[in-house]
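My notes are below, in the order I went.

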Amino acid sequence: MRLLHVQTVLDREEGIQGAGPQAKIFKEHHDGSAEYVIVSHRWEDEVNYKEMAAFMGMDDRCRSNVRRRTGYRKIIKSCKQAKLDNYQWIWIDTCCIDKRSSSELQEAINSMYRWYEKSQKCYAYLDDVEDSSFPSRQDFSKFHKANGWPKWFSRGWMLQELIAPKQVEFFNKDWVTVGRKEELEEALERITRIPIDVLRDGRKRMYFCVAQIISWAADRETTRPEDRAYALLGLFDVDMQMTVRRGQKSVPEAAAGNHSKIQ
């Protein structure tokens, strides 16, 4: 698992001497000892691993282009929040996975649930929420593209990113806290149809049949059809070889395989 070092990222952004091209912002952690926070978000104009690693070696024009992106500002804001929360390490899927490597991408997809589960906290970034409080009821005038709720809830990957972490803290578009999973569980059950005991205890309480779990994902969206299956791997506690050609399989049942019960 590759993590970002929070202070080095912030030092680099602030131009502190010593955080030059050779400063290492990434570190591999394989023993499970690192305490880290993890980010759940909607993809926009993101910064990938190659760009983040090469950032200080870029010329001024390229670096300015990266810094203007929504994804880069998201990285900086989440690192600032992690520092406030006294965490040294953070994981963000857009830049912590080198997607040029098919083996690394496969490992990440199969490990995603576990990585969220082992995090100390998940930051759920609701980029279309402008208010300073969590939406308490459906509002089609604000969220007409997502059944009246923030767009984050329409994502297929949202299920494991909400269920797996013990702590989830929600932020609005300005990175102001609007609530935490434990205090919003009734609203979250209403929005997602995920029972409160699963929201509290994750996979430990998942005694539901495959059909019920798939129903939670029924109206959620992913960028690619096959991602609907990949997004459910952790909920079914199975691994999957990424041998499916793009666009060939689009149903979540591919992840469930022959598992008829989740104990």
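These entries go from the whole chain to single pairs.

**Overview.** I'm working from a predicted model. I looked up the secondary structure and got 13 helices and seven strands. Of the 263 residues in the chain, 53% are buried. I also checked contacts with a separation of 6 or more: 66% of them join residues 24 or more positions apart.

**Rings.** My search for aromatic pairs gave 12. One of them is tryptophan 91 with tryptophan 115, edge-to-face, at 5.4 Å between centres and 65° between planes. Tryptophan 91 sits in strand β4 and tryptophan 115 in helix α6, so this pair ties together parts 24 residues apart in sequence. Both tryptophans are buried.

Tryptophan 152 is in the loop between β5 and α7, while phenylalanine 170 is in strand β6, 18 residues apart. Buried or exposed? Tryptophan 152 has 0% relative accessibility, so it goes down as buried. Phenylalanine 170 is buried too, also at 0%.

I also noted a cluster in which ring pairs link Tyr123, Tyr125, Phe171 and Trp175.

**Charge over ring.** Arginine 2 lies over the face of tyrosine 49, 4.3 Å from the ring centre. Arginine 63 does likewise over phenylalanine 55, at 5.9 Å.

**Salt bridges.** How many salt bridges are in the whole structure? I got 19. Arginine 2 turned up again here, bridging to glutamate 104 at 2.5 Å, N to O. Arginine 2 belongs to strand β1 and glutamate 104 to helix α6, so the bridge ties together parts 102 residues apart in sequence. Arginine 2 counts as buried, at 10% relative accessibility.

Then I checked arginine 69, which bridges to glutamate 51 with the closest N and O atoms 2.8 Å apart. Arginine 69 is in the loop between α3 and α4, and glutamate 51 is in helix α2. Arginine 69 is buried at 12% relative accessibility, and glutamate 51 is buried at 19%. The cut-off is under 20%, so glutamate 51 makes it in.

Last pair: arginine 200 and glutamate 185, closest N and O atoms 2.6 Å apart. This one links helix α9 to helix α8, 15 residues apart. Arginine 200 is partly exposed at 46%, whereas glutamate 185 is buried at 15%.

Notes
Residues numbered from 1 in each chain as written. Predicted model: local features only at pLDDT ≥ 70, side-chain atom pairs only at ≥ 80, totals over all residues. Heavy atoms only, no water. Helix = DSSP H or I, 4+ residues; strand = E, 2+ residues; numbered from the N terminus. Buried < 20%, exposed > 50% of the residue type's maximum accessible area, 1.4 Å probe, protein only. Contact = heavy atoms within 4.5 Å. Phe/Tyr/Trp six-rings, centres within 6.5 Å; stacked < 30°, edge-to-face > 60°. Lys NZ or Arg CZ within 6 Å of the ring centre and 35° of its normal. Salt bridge = Lys/Arg side-chain N within 4 Å of Asp/Glu carboxyl O.
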